[in-house]
Amino acid sequence: MLIQQIVNGLTIGGVYALIAMGLAMVYGILRIIHVAHAGVYVVGAYAGLYTYILTHSFILSIVSSMAAGAIIGILIQKYVYFPLIKHSPIISLIASIGLFISIEESMRLIFGPYIKSFPKDLFKGEYHLGSVVIGQSQLVVVFLSVAAIALIWYVTQKTRFGLALKAVSQDIDTAETLSIDSKKIISIAFAFGSALAGLAGLLVGAYFNSVFSSMGDVPAYKALAIIVVGGMGNIWGAFAASLAVGLIETLSIGVLNVPLPRNSLAFIFMIIVLLFKPEGIAGLFKGLGK
Amino acid sequence: MEVNKSKKIIEIQDVVKIFGGLKALDRVSISVEESEIFGIVGPNGAGKTTLFNIISGVLKPTSGKIFFNGKDVSGQPPYKMAQMGIGRTFQVVRPFSFMSVFENIMAAYGVRFYHNITKSFSKWKKEEYVKDVMLILLKTELFEYKERRADTLPLGVQRKLEIARALALNPKVLLLDESFSGLSFSEIDELKKLVFNINNEGVSIVVIEHNMPVVMDLCKTVAVLNYGKKLVQGSPKEVVSNPDVIEAYIGKKQYAQS
């Protein structure tokens, strides 16, 4: 039972990580609280769902959810955040909230106010390992989250782009005088982070077998709690915090029977972290700095 | 081959820069010859750093032109200037604090790849690149600090790091903005040696400097700026004995009325 809950907690934590790491990346470079990131997640979910309905290929769904996410992300960055970059961050925050609401409402107008589900042929199997049951959908979610996180690790730690991104997120002007085209780097980072949010939308939609226009509401604010816990702008802190929140939620509800709503737990965790370690938990892991 | 007729690496023509109502630079023209060390001096607020910001593309001139290697580069963004071969340091040091010395230099070494999107995603820690960066670390005597986080270093070392980072661009011109200020005598001597070494490899150098003995030692030609205008240009010796320059620094000679 406990192991089952740990497996479930890590699964959901992995999906949180896909959303939160992109958000942390954006905060790290532009210092913008990108609430509309959850809007990108909703768009990714619909793109993936309809691609699956049309083609019955989950691979194509993955591609389309990521592509839709990347495109929306670049548009948001180019036409909303960049023009506002010189103003106080509160203005981008308001713009971001407005954008989030309008994306969700557009989805509702286009696809209707109903919960949609995937065709029945997607992920029906189950695997038994002793007493632990792992659904096929869970396996796919874990596999793709791990692959995506490994990709984030590789890109940010090993490639020149990752090094340039680190430089840009510390000091845009200095990075520019050292030959780094910061606009290009920021666009690529947005596209990358948003593609992952799109993928997360698809995975959550497929895992719970439901896609609906307001599915981004909870992630929008929970992801903020996660990046605060992780240390604002620190993507590996966000990764650790995502797994922690996933585990805390599942274990509190499933094992400890805590009589609180599931979605409140991330915020309680955030408050506790702010009380005792306001700079976030990232400092606990030396060497995983920004 | 003519020896005396050297090529101009940087040519600034009638550059004007206006901030609000303030004329920070007023029709300044300066040319720097290939492989010379050129000095810019002047009182605080004379427009020296503004001039550097314009040469390195950080600011766009209100009017006037900048030529680099004979090509008009006025108004190009800083990353393009850097890619063409203009490296600079900042008056107030600006290392990437959360990165190691090695990573700081490696970020600038990427100049060889950033223009190409595929190459931008290549691995940065390949043996040949690491070797190149090690050479820069050795040349700038930063080897022992290579794994240290940049913000934990003393000022003199951070200054050298800024120079090392600019060198990784493989520059044709290096702009040093008061790199010598706040350093101890021994640090000044070390840095002077480094500047000469870099210059001997054919890199032209422009220094902004308040420390006159350093300027005397380093520079062949010096330009004096005051209130955004170029006052005089000449050898360091000529410049320090020029009455206009003396006036700019310590005021007009006045005779007590008796």
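These questions and answers walk through a predicted model with chains A and B.

User: Why does the radius of gyration of chain A agree with a compact globule?
Analyst: The C-alpha trace of chain A spans about 60 × 45 × 35 Å along its principal axes. For 290 residues, a compact globule would have a radius of gyration near 19 Å. Chain A agrees because its own value is 19 Å.

User: What percentage of the residues of chain A count as buried?
Analyst: A residue is buried if 20 or more other C-beta atoms lie within 10 Å of its own. Chain A has 290 residues. The share of them that count as buried is 51%.

User: Among contacts in chain A between residues at least 6 apart in sequence, what percentage join residues at least 24 apart?
Analyst: Two residues are in contact if their C-beta atoms lie within 7 Å. Take the contacts in chain A between residues at least 6 apart in sequence. Those that join residues at least 24 apart make up 78%.

User: Which residues does Ile226(A) touch, not counting residues up to four places away in sequence?
Analyst: The largest nonpolar core has 167 residues. Ile226(A) is listed with Ala20(A), Met21(A), Ala164(A) and Leu199(A) as having the most contacts inside that core. In general, nonpolar side chains tend to be buried together in soluble globular proteins. Leaving out residues up to four places away in sequence, Ile226(A) touches Tyr16(A), Ala20(A), Ala238(A), Ala241(A), Ser242(A), Val245(A) and Ala266(A).

User: Which helix gives the largest share of the side of chain A that touches chain B?
Analyst: The contact takes 20 residues from chain A and 29 residues from chain B. On the chain A side, the elements giving two or more residues are helix H6 (160–170) and helix H7 (172–177). The largest share is 7 residues, and it comes from H6(A).

User: Which are the edge strands of the open sheet of 4 strands in chain B?
Analyst: The order of this sheet is S2-S1-S4-S5, with antiparallel pairing. An edge strand pairs on one side only. Here the edge strands are S2 (22–33) and S5 (71–72) of chain B.

User: Which residue of S2(B) stands opposite Glu11(B)?
Analyst: S1 (residues 8–19) and S2 of chain B are antiparallel and pair over 8 bridges. On its other pairing, S1(B) meets S4 (residues 63–68) over 5 bridges, where Gln13(B) stands opposite Lys65(B). Across from Glu11(B), the residue in S2(B) is Ser31(B).

User: In the hairpin of S4(B) and S5(B), which residue takes a positive phi?
Analyst: S4(B) and S5(B) run antiparallel and are joined by 2 bridges. Phe67(B) stands opposite Asp72(B) in S5(B). The hairpin has 2 residues between the strands. The positive phi, near 55°, belongs to Asn69(B).

User: Is Asp14(B) buried or partly exposed?
Analyst: Asp14(B) is found in strand S1 of chain B. Its phi is positive, about 50°, although Asp14(B) is not a glycine. Most residues other than glycine have a negative phi. Because it has 13 C-beta neighbours inside 10 Å, Asp14(B) counts as partly exposed.

User: What is the phi of Arg27(B)?
Analyst: Arg27(B) lies in strand S2 of chain B. With 14 C-beta neighbours inside 10 Å, Arg27(B) counts as partly exposed. Its phi is positive in a residue other than glycine, near 45°.

User: Which residue is the bridge partner of Leu175(B) in S8(B)?
Analyst: The open sheet of 6 strands in chain B has the order S6-S7-S8-S3-S9-S10 and mixed pairing. Within chain B, S7 (residues 173–177) and S8 (residues 204–208) pair in the parallel sense over 5 bridges. In S8(B), the partner of Leu175(B) is Val206(B).

User: At what angle does helix H10 of chain B run to S10(B)?
Analyst: Helix H1 (residues 48–55) of chain B lies across S3, S6, S7, S8 and S9, at about 150° to S7(B). Helix H10 (residues 243–250) of chain B lies across S9 and S10. Its angle to S10(B) is about 130°.

Definitions and conventions. Residues numbered from 1 in each chain as written. Chains lettered and ligands numbered in written order. Predicted model: local features only at pLDDT ≥ 70, side-chain atom pairs only at ≥ 80, totals over all residues. Pairing = 2+ DSSP bridges. Rg over C-alpha atoms; globule rule 2.2 N^0.38 Å. Buried ≥ 20, exposed ≤ 12 C-beta atoms within 10 Å, placed from the backbone. Axes fitted to C-alpha atoms, helices over the stretch in contact; angles between N-to-C directions. Core = buried A, V, L, I, M, F, W, Y, C linked by C-beta atoms within 7 Å.
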